[in-house]
Amino acid sequence: MRTLFLKYRYELAVLFLWAVAVASKLKFNGLILGFDYGTYQPDGKFYTYMALDFLNNNPALSAQQVVDWYAVHGFKMKTFKIEDLMPSTSYAYPYISHRVLYPLLSVPFVAIFGIPGMLAVPSISLLLLLLSICWLAKKLDKPFIGLVVIVVLLNSSTVLRWMIVNCTDSLLVGLIAFVPFLILRLIEKKREAVFLLAGLVVLTSATRFVLPIWLGIFLVLFFRKGLRKQTIILFIVSVLCAIPALEAQLSTALLPAETDTPTHLKLIQLPFVFLKIIVVDFLQFGVLDRALLIVITFCLIQSIRIRHQLSAQLFLAVFVSGYLIGSINGTLGVNFRYEMPVLIFCAWLILDSFEYNQKKLRLVSSIAGNIIIDKT
């Protein structure tokens, strides 16, 4: 028993930290400085409706259940009509109808626990992220550093804000958390890695619009020796899987708040919105989440310092891709919501950064030792 405990002590620590984090979010949530840190988000009403309707097969009944629940448990934008949820009348249905994975996975939990069951998949997704960081750290022989990264991330109000809510963001983060392992297997020429990555593309594409993230990842891999053929195949798969999301009207999906602006003017505005969102996010970090501000700033600096490392390149690719998705939506002040998939690459980059610093330290020690020997 003691041997087993020692072998899995880091995983057990992760389970404990995860349980505390989930319990604290369920106990303490609501409005903070006017921001919605509740567990039932405005966007979550659509996925809750979809899960209920998979069970009820009665659109009006499912929609009414969600309306009644949000009237009691919602915080912002908690009042709406059943017509806002039903596919025939919902304004949002054209660009969320393909996001079926989260509500489908939630069906058994909703069947058992009711609407609170919508928080089961997000909670499990957070656990997958934390365990992935733990396993990656053990693979790189730095388990304690991985545990420190996990503690820091769980002290981030932003991470808990978006990981334990009834939205698709947490499931996407949980799925993307497996990417580093599959990429490492792809580099090792493991045949199944291509198929597993393709399967992950399919699953994430059924979660939410994620094409820019996959294109960013595959662009990095394309320039690595021996991976071009596999990368082209994965690129094609990612584009094909994104077709349902791309079929949504561009005028609806691109900067949806500006309904009266022509599409060509929206495209011109996109770079400026991109910069605005980054500035607003970092300003929010300074007020709401200094833990994540330190992590992201450190990763940005390190991604330039050790830019030859795969983890640094993937971090930058996913970081920029996440902000591109946020720019397409165009809403300011969403507090890093669309960029959350970068967290596993933050952890990978931090782990590689310590290795890089250790190498520098050994080099400095070696040079210092040679100088002392020469002088004597």
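Hi everyone, this is a short walk through one predicted model, from its overall make-up to a few single residues.

Some ground rules come before the details. Residues are numbered from 1 along each chain as its sequence is written, and side-chain values use heavy atoms, with hydrogens and water left out. Because the model is predicted, local features need pLDDT of at least 70 and side-chain atom pairs count only at pLDDT 80 or more, while totals for chains, interfaces and linings use all residues.

Let's begin with the whole chain. There are 20 helices and 2 strands; these are DSSP runs numbered from the N terminus, with helices being H or I over at least four residues and strands being E over at least two. Of the 376 residues, 49% count as buried, where buried means under 20% relative accessible area, exposed means over 50%, and partly exposed is in between, with a 1.4 Å probe and protein chains only. The accessible surface comes to about 18,100 Å², and carbon and sulfur atoms hold 69% of that; the areas are Shrake-Rupley values with a 1.4 Å probe, and for residues only the protein chains shown count as cover. Among contacts (heavy atoms within 4.5 Å) with a separation of 6 or more, 74% join residues 24 or more positions apart.

Now, how far can we trust it? pLDDT is the predictor's confidence in each residue, from 0 to 100. The chain has a mean of 89, and 89% of its residues reach 70 or more. Helix H10 (residues 169-176) has the highest confidence, at 98, and helix H16 (residues 250-253) the lowest, at a mean of 54. Over residues 363-376, pLDDT stays under 50, and the model has 0 contacts there beyond four places in sequence. Where pLDDT is low, the predicted coordinates should not be read in detail.

Met1, Leu4, Phe5, Leu6, Tyr8, Leu12 and Leu15 make a nonpolar surface patch of about 720 Å². Patches take residues with over 30% relative accessible area and no salt bridge, joining like charges within 9 Å and nonpolar side chains (Val, Leu, Ile, Met, Phe, Trp, Tyr) within 5 Å; a salt bridge is a side-chain nitrogen of Lys or Arg within 4 Å of a carboxyl oxygen of Asp or Glu. H1 (2-7) and H2 (9-27) each give at least two patch residues, with H1 supplying the largest share, 3 residues. Met1 sits in the segment before H1 and is exposed, at 83% relative accessibility.

Next, the inside. Thr158, in helix H9 (residues 157-163), is buried at 0%. Leaving out residues up to four places away in sequence, Thr158 touches Phe285, Asp289, Leu292, Asn335, Phe336 and Met340.

Finally, the cysteines: how many disulfides does the structure hold? The count is 0, with a disulfide being a pair of cysteine sulfur atoms within 2.5 Å. For Cys299, the closest cysteine sulfur is in Cys346, 4.0 Å away, so the two are too far apart for a bond. Cys299 is buried, at 0% relative accessibility, and Cys134 is buried at 5%.
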